[in-house]
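Let's take a walk through a protein model together, one piece at a time. Have the picture open beside you as you read.

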Amino acid sequence: MPAGHSADGLRRTILERFDMSLGSGLGRLADKVFRIGHLGDFNDLMLAGTLSGVEMGLGVAGVPHRRGGINAALDYLAGNRAA
């Protein structure tokens, strides 16, 4: 997270606004990073939804970021799917 922004605050915002849970940073990374975790199967569509939630959450929380990450991910995933 950029200086002056809380990863835990972002995680709370995303949970409250989008009902999506992200993992916290551990140890010396506490409140500095968040983690995207999963249990079991995790496919392209689930990844796209998760990345969309993160990008929307960054905007809602006022965290500076470059928009368009989800579009880049969708382009990548579409180009690498088995036909």
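What percentage of the 83 residues of the protein chain count as buried? The figure is 23%, where buried means under 20% relative accessible area, exposed means over 50%, and partly exposed is in between (1.4 Å probe, protein chains only). A word on ground rules: this is a predicted model, so local features need pLDDT of at least 70 and side-chain atom pairs count only at pLDDT 80 or more, while totals for chains, interfaces and linings use all residues. Residues are numbered from 1 along each chain as its sequence is written, and side-chain values use heavy atoms, with hydrogens and water left out.

Now for the overall layout. The protein chain has three helices and two strands; these are DSSP runs numbered from the N terminus, with helices being H or I of at least four residues and strands being E of at least two. Reading from the N terminus, the order of elements is α-β-β-α-α. Draw a box along the principal axes and the C-alpha atoms fill roughly 45 × 30 × 25 Å. Contact here means heavy atoms within 4.5 Å. Take the contacts between residues at least 6 apart in sequence: 50% of them join residues at least 24 apart.

Start with helix 1, residues 7-18, and look at how it meets helix 2, residues 44-61. Their axes come within 9 Å and cross at roughly 110°. (Axes are lines fitted to C-alpha atoms, for helices over the stretch in contact, and angles run from 0 to 180 degrees between N-to-C directions.) Helix 1 and helix 2 are therefore roughly perpendicular to each other. The naming goes like this: angles under 35 degrees count as roughly parallel, over 145 as roughly antiparallel, 65 to 115 as roughly perpendicular, and the rest as oblique. On the helix 1 side, the contact is made by L10, T13, I14, R17 and F18, and on the helix 2 side by G53, V54, M56, G57, L58, V60 and A61. Sorted by class, that contact has eight nonpolar, three polar and one charged residues. Here Ala, Val, Leu, Ile, Met, Phe, Trp, Tyr, Cys and Pro count as nonpolar, Asp, Glu, Lys and Arg as charged, and the others, Gly among them, as polar.

Some of those names come back in the largest nonpolar core, which has seven residues: L10, I14, M20, L22, V54, L58 and V63. A nonpolar core is a set of buried Ala, Val, Leu, Ile, Met, Phe, Trp, Tyr and Cys residues joined through side-chain atoms within 4.5 Å. Helix 1 and helix 2 each supply at least two residues of this core. Zoom in on M20: setting aside neighbours within four places in sequence, M20 is in contact with I14, L15, G49, T50, G53 and V54. T50 sits in helix 2 and is buried, at 13% relative accessible area. Not counting residues up to four places away in sequence, T50 touches I36 and F42 as well as M20.

R11 and D8 are three residues apart in helix 1, which means about one helical turn separates them. R11 is partly exposed at 23% relative accessible area, and D8 is partly exposed with a value of 23%.

Next, the loops. D19, between helix 1 and strand 1 (23-24), has a phi near 55°, a positive value in a residue other than glycine. D19 counts as exposed, at 68% relative accessibility. D31, in the loop between strand 1 and strand 2, also has a positive phi, near 65°, and is partly exposed at 30%.

Finally, follow helix 2 over to helix 3, residues 69-79. Their axes come within 9 Å and cross at roughly 170°, so helix 2 and helix 3 are roughly antiparallel to each other. In this meeting, D44, L47, A48, L51, S52 and E55 of helix 2 face G69, I70, A73, L74 and L77 of helix 3. These residues divide into seven nonpolar, two polar and two charged.
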